[in-house]
Amino acid sequence: AGPAGAITALATVRSGDREWLASTGTDKTLRLWDPATGAAGPVIAQGSDYCDAMCAVSVAGRSLLAVGGGHSVRLCDPATGRITRTLDASPATVRALCPLDIDGRSLLVVAGSTGPYQHKIRIWDPDTGTRLRTQHGGELEPIGAMTQLILRERPVLAVGYAGGDPAMFVPGNGTVRLWYPGDEPAEPVMQSHTRPVTSVCA
């Protein structure tokens, strides 16, 4: 059977010798699917919070699912369903996740909101559970989605913003911007939308 509610996030993850599609949604479950056949796999986790974001991240050579909801990010082993680590993102509410590979290190980027006009991007080491630094560029606009790409042989974060509030002089109108990790803008504005950006991919 499929999910009982709306799907809020998708990710691909490798478990054993197979590639799976993972889905999570408003029924607060985490499910695996066989993309070759469309057959439903196991329900590997069930939580108490809605999950708003998900991605695969490498931890100690294993591919885990990072699942963000509420004020935390849970790292889940798709082979066993076990939660191996929980990252405390409080007081922020998690909005978007993506993996980031820098200098041979596999890191996790977490975007969250602490208020209507307080939005941050933070970079974590999922192997140790340590928050490494805060990436600027999103203090005023809510962040809808993120992904990593390579630009001029350097890793870049593509950040999709959910738009601002002209009445409050908050900039943004559903833009996608590129940032080098470390706050340096790679390009000004990649694309402008008339509605919030909800998803990006590379």
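1. Val73 in strand 7 is the bridge partner of Gly68. Strand 7 covers residues 72–76 and runs antiparallel to strand 6, residues 62–69, with five bridges between them. Strands are DSSP runs of E, at least two residues long, numbered from the N terminus; helices are runs of H or I of at least four. Two strands pair if DSSP finds at least two bridges between them.

2. On provenance: this is a predicted model, where local features need pLDDT of at least 70 and side-chain atom pairs count only at pLDDT 80 or more, while totals for chains, interfaces and linings use all residues. Residues are numbered from 1 along each chain as its sequence is written, and side-chain values use heavy atoms, without hydrogens and water.

3. The protein chain has 16 strands and zero helices. Of its 202 residues, 44% count as buried, meaning under 20% relative accessible area (1.4 Å probe, protein chains only).

4. Two arginines sit over tyrosine rings. The charged end of Arg154 is 3.7 Å from the ring centre of Tyr180. Arg177 lies over the face of Tyr161, at 4.8 Å from the ring centre. The criterion is NZ of Lys or CZ of Arg within 6 Å of the ring centre and within 35 degrees of the ring normal.

Key:
Buried means under 20% relative accessible area, exposed over 50%, partly exposed in between (1.4 Å probe, protein chains only).
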